[in-house]
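Here is a short tour of one protein chain. Please look it over before reading on.

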Amino acid sequence: MVTLLLLALGLLLLILGAEGLVKGASRLAARLGLSPLIIGLTVVAFGTSAPELVVSLKAAFSGQAGIAMGNVVGSNIFNVLFILGVSALIVPLAVAQQLIRLDIPLMIVLSLVVLAMALDGSIGRLDGGLLVLGLVAYTSFLLRQGRRQAPANEPAADNSEAPPRPGWHDALYVIGGLAMLVAGSRLFVDSAVVMAAWFGVSDQVIGLTVVAAGTSLPEVVTSIVAALRGQRDIAVGNVVGSNIFNLLGVLGLTGLIAPAGIAVTEAMLSLDLPVMVAVAVACLPICFTARAIDRWEGVVLLGYYLAYTAYLILAATHHDALAGFSALMLYFVLPITALTLAVLVVPELRRNPTR
């Protein structure tokens with residue numbers, strides 16, 4: 001009963017924190033001369049990824065390498081398949097051109113880089129240092145670009161509708177929202193891990209599912225709230241920015257600070273890291289078509305997340321249905337999906353060859 005109450009309290013904090021974060025971040029975007037997309041890729045994305053950073057650092061220092069690595073990989077898979085899927089089901093998501101040309105391709109490249117770094121069985125301090133340097137360079141580039149692209153008259157439009165608010169007021173919304181997101185996520189994750197442990201699940205599977213979903217709850221609630229409030233750039237930018245921060249910031253800092261680095265298991269190399277790369281690659285054609293994520297595409301993304309989770313559960317329990325389920329996904333579902341995306345993307349390329 002206590003565990004269930006903590007789960008409910010964590011969820012409440014997540015909802016309230018996401019509302020405050022989106023409200024404060026969208027106002028700060030206009031006040032600072034930054035576009036909502038840049039705010040979504042930086043302040044919101046990095047803030048909502050704070051639980052991943054805290055959990056991975058704690059797991060690495062506690063010797064739970066499966067949770068540390070599984071948390072990041074599972075979160076990136078969860079962010080694209082579940083969060084974008086659910087958000088698109090609620091309201092179709094417009095995708096900014098910058099995401100298609102820069103940020104999603106960068107997410108794909110970084111996923112491949114992390115896979116290459118993990119081939120030797122660990123993410124060490126050298127790997128972590130390189131990733132952290134990449135985070136600094138990426139953030140600096142975004143902030144410079146955002147200042148150049150933001151409309152000059154946006155703050156004036158807001159002031160005509162309501163009395164101007166002091167700057168600390170919006171900053172307080174952001175800080176308070178982030179604090180509630182982190183606290184709520186921690187309550188939820190700790191309670192969920194206790195419940196999952198009752199079923200005897202390994203730390204890697206817990207990291208890929210329960211912990212990954214729990215630490216991604218800030219992104220879930222933030223993206224959904226942003227979509228409902230009409231801040232669709234924040235909704236999509238939050239997911240892409242969070243994935244980039246997970247790879248550069250969470251893995252980078254954890255690998256740099258953890259005494260023995262982050263160990264990578266054979267199961268992670270053979271399945272989960274390739275799935276993370278495949279999900280990142282699939283995100284590009286889905287967003288490219290009509291520069292939007294429609295409801296039916298949200299259904300496809302959500303369906304794949306449920307299939308991936310079902311596979312993890314079947315594999316962890318050595319269920320007899322695992323072989324048949326794997327064959328169905330490999331020889332039927334995946335080829336059909338790839339063919340559908342190709343049919344949609346090729347006409348778009350012909351109509352807009354320079355896009």
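Rings of Phe, Tyr and Trp count as a pair if their centres lie within 6.5 Å, and planes over 60 degrees apart make the pair edge-to-face. Ring pairs of this kind link Phe-78, Phe-82 and Tyr-305 into a cluster. The model is a predicted one.

## The chain overall

The chain has 355 residues, and 51% of them count as buried. Its secondary structure comes to 14 helices and four strands. Take the contacts between residues at least 6 apart in sequence: 86% of them join residues at least 24 apart. The accessible surface comes to about 15,400 Å². Carbon and sulfur atoms account for 71% of that surface.

## The aromatic cluster

How many aromatic pairs are there by the ring rule? The count comes to three. In one of them, Phe-78 and Tyr-305 sit edge-to-face, 5.1 Å centre to centre, with 80° between the planes. Phe-78 lies in helix H4 (residues 65-90) and Tyr-305 in helix H13 (residues 295-317), so this pair ties together parts that are 227 residues apart in sequence. Both Phe-78 and Tyr-305 are buried.

Phe-82 and Tyr-305 make another pair. Their ring centres are 5.8 Å apart and their planes are at 65°, so this pair is edge-to-face too. Phe-82 lies in helix H4 and Tyr-305 in helix H13, so the pair ties together parts that are 223 residues apart in sequence.

Is Tyr-305 buried or exposed? Tyr-305 has 8% relative accessibility; the cut-off for buried is under 20%, so Tyr-305 counts as buried. Phe-82 is partly exposed, with a relative accessible area of 22%.

## Helix H13

Helix H13 has 23 residues. At 1.5 Å a residue it should span 33 Å, and its end C-alpha atoms are 33 Å apart, which agrees. Buried residues in H13 include Glu-297, Gly-298, Leu-301, Tyr-304, Tyr-305 and Tyr-308. Just after H13, His-318 takes a positive phi of about 55°.

Tyr-308 also has a polar partner. Its side chain makes a polar contact of 2.7 Å with the side chain of Asp-272. Asp-272 is found in helix H12 (residues 266-288). At 1% relative accessibility, Asp-272 counts as buried.

## The nonpolar core

In soluble globular proteins, nonpolar side chains tend to be buried together. Here, the largest nonpolar core has 98 residues. Which residues have the most contacts inside this core? They are Met-69, Leu-93, Leu-273 and Ile-293. Helix H4 gives the largest share of the core, 13 residues.

Ile-293 has contacts well beyond its sequence neighbours within four places. Among them are Leu-84, Ala-88, Pro-92, Leu-93, Ile-286 and Cys-287. Gly-298 and Leu-301 are also in contact with Ile-293, and both are buried residues of H13.

## Asn-79 in helix H4

Asn-79 has its place in helix H4. At 0% relative accessibility, Asn-79 counts as buried. A polar contact of 2.7 Å joins its side chain to that of Asn-243. Leaving out residues up to four places away in sequence, Asn-79 touches Leu-84, Ser-216, Glu-219, Val-239, Ser-242, Asn-243 and Asn-246.

Leu-106 is partly exposed, with a relative accessible area of 25%. Pro-105 also counts as partly exposed, at 25% relative accessibility.

Pro-105 touches Leu-99, Ile-100 and Leu-284.

| Pair | Apart in sequence | C-alpha to C-alpha |
|---|---|---|
| Pro-105 and Leu-284 | 179 residues | 7.3 Å |
| Leu-106 and Ala-280 | 174 residues | 9.6 Å |
| Asn-79 and Val-236 | 157 residues | 10.0 Å |

Conventions:
Residues are numbered from 1 along each chain as its sequence is written. This is a predicted model: local features need pLDDT of at least 70, side-chain atom pairs count only at pLDDT 80 or more; totals for chains, interfaces and linings use all residues. Side-chain values use heavy atoms; hydrogens and water are left out. Helices (H or I, at least four residues) and strands (E, at least two) are DSSP runs, numbered from the N terminus. Buried means under 20% relative accessible area, exposed over 50%, partly exposed in between (1.4 Å probe, protein chains only). Contact means heavy atoms within 4.5 Å. Accessible areas come from the Shrake-Rupley method with a 1.4 Å probe; for residues, only the protein chains shown count as cover. A polar contact is a pair of N or O atoms within 3.5 Å; within protein, one must be able to donate a hydrogen and the other to accept it, and residues adjacent in sequence count only if both atoms are side-chain atoms. Rings of Phe, Tyr and Trp (its six-membered ring) pair if their centres lie within 6.5 Å; planes under 30 degrees apart count as stacked, over 60 as edge-to-face and the rest as tilted. The expected span of a helix is 1.5 Å times one less than its number of residues. A nonpolar core is a set of buried Ala, Val, Leu, Ile, Met, Phe, Trp, Tyr and Cys residues joined through side-chain atoms within 4.5 Å.
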